[in-house]
Amino acid sequence: MIPYLDKSMPDVWQAARAWSAVAAEAALVHGLTGQETELIKVRASQLNACAYCLDLHSREARKAGIPQQKLDMLPAWRDAELYDERERAVLAIAEAATRLPLTEDSRADLVGAHTVLGEPAFAAAEWIAVAINTFNRVSILSGHPVNPRDREGRLLR
């Protein structure tokens, strides 16, 4: 069995969590909403196929007030008119930061997102994307399981 990275090196895990908490706090200070932050986390987790983070951040997104329809439509956000300009900007950042290397299209998306969000919120969104990509990789490499839940989100085990 492959060891969980967070359990095998807890000091590194705690440092990663602390760094992520600083990025999350900075995101709020610099103008990102909790909903925008969760959209980044859910979209990156979808692209990375990180089951654990997708489960966690889908629940967090609903708690933050993101309608279920927006979560359901995330894979097709470019074709759905459900998302406002800022949501489209943070989703573009999530995709550019997750699908590396940058392409001409992703660079254009980043320029557009910067125009919409302004420097502080743009940088904050990029840090959120970097952080969730880190946690996606930790969870995927560790094989963190997704536990079954009921309709209210309570663990069934």
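The buried residues of helix α6 are covered by elements that include α3 (34–48), α5 (68–73), α7 (104–117) and α8. The model is predicted. Helix α6 spans residues 85–98, and 10 of its 14 residues are buried. Helix α3 is likewise largely enclosed by the rest of the structure, because 11 of its 15 residues are buried. The largest pocket has a volume of about 430 Å³, and a search of the whole structure finds 2 aromatic pairs.

**Helix α6**

- Helix α6 has 14 residues and reaches 20 Å from its first C-alpha to its last, close to the 20 Å expected at 1.5 Å a residue.
- The buried residues of α6 are Glu87, Ala89, Val90, Leu91, Ala92, Ile93, Ala94, Glu95, Ala96 and Thr98.

**Helix α3 and the residue after it**

- Helix α3 has 15 residues, and the 21 Å from its first C-alpha to its last is close to the 21 Å expected at 1.5 Å a residue.
- Its buried residues are Glu36, Thr37, Glu38, Leu39, Ile40, Lys41, Val42, Arg43, Ala44, Ser45 and Asn48.
- These buried residues of α3 pack against α2, α4, α5, α6 and α8.
- Ala49 follows α3 and has a positive phi, near 55°.
- Ala49 lies in the loop between α3 and α4.
- With a relative accessibility of 63%, above the 50% cut-off, Ala49 counts as exposed.

**Largest pocket**

- The lining of the largest pocket consists of 16 residues, and Trp13, Arg17, Leu56, His57 and Phe135 lie nearest its centre.
- Elements that give two or more residues to this lining are α1 (5–8), α2 (10–29), α4 (51–63) and α8 (119–142).
- Sorted by class, the lining has 8 nonpolar, 4 polar and 4 charged residues.

**Aromatic pairs**

- Of the 2 aromatic pairs found in the whole structure, one is formed by Trp13 and Phe135, edge-to-face, at 5.4 Å centre to centre with 85° between the planes.
- This pair links distant parts of the chain: Trp13 is in helix α2 and Phe135 in helix α8, 122 residues apart.
- Phe135 counts as buried because its relative accessibility is 12%, where the cut-off for buried is under 20%.
- Trp13 and Phe135 are also among the residues nearest the centre of the largest pocket.
- Trp19 and Trp127 form an aromatic pair that is edge-to-face, with 6.2 Å centre to centre and 80° between the planes.
- Trp19 lies in helix α2 and Trp127 in helix α8, so this pair ties together parts that are 108 residues apart in sequence.
- Trp19 counts as partly exposed at 30% relative accessibility, and Trp127 is partly exposed with a relative accessible area of 47%.

**Loop between α5 and α6**

- Arg78 is placed in the loop between α5 and α6.
- A relative accessible area of 43% makes Arg78 partly exposed.

**Loop between α6 and α7**

- Arg99 is placed in the loop between α6 and α7, and Pro101 lies in the loop between α6 and α7 as well.
- Arg99 is partly exposed, with a relative accessible area of 46%.
- Leaving aside its neighbours within four places in sequence, Arg99 is in contact with Arg43 and Leu47.
- Arg43 is one of the buried residues of α3.
- From C-alpha to C-alpha, Arg99 and Ala113 are 16 Å apart in space, and they are 14 residues apart in sequence.
- The peptide bond that joins Leu100 and Pro101 is cis, with omega about 0°.

**Backbone exceptions**

- Most residues other than glycine have a negative phi, and most peptide bonds are trans.
- Ala49, a residue other than glycine, has a positive phi near 55°.
- The bond between Leu100 and Pro101 is a cis peptide bond.

How values were computed. Residues numbered from 1 in each chain as written. Predicted model: local features only at pLDDT ≥ 70, side-chain atom pairs only at ≥ 80, totals over all residues. Heavy atoms only, no water. 1 Å grid on protein atoms, 1.4 Å probe; cavity = no way out; pocket = protein on both sides within 12 Å on 5 of 7 lines; lining within 4 Å. Points joined across faces, edges and corners; volume = space filled by probe spheres on them. Helix = DSSP H or I, 4+ residues; strand = E, 2+ residues; numbered from the N terminus. Nonpolar A, V, L, I, M, F, W, Y, C, P; charged D, E, K, R; others polar. Phe/Tyr/Trp six-rings, centres within 6.5 Å; stacked < 30°, edge-to-face > 60°. Buried < 20%, exposed > 50% of the residue type's maximum accessible area, 1.4 Å probe, protein only. Expected span 1.5 Å × (residues − 1). Contact = heavy atoms within 4.5 Å.
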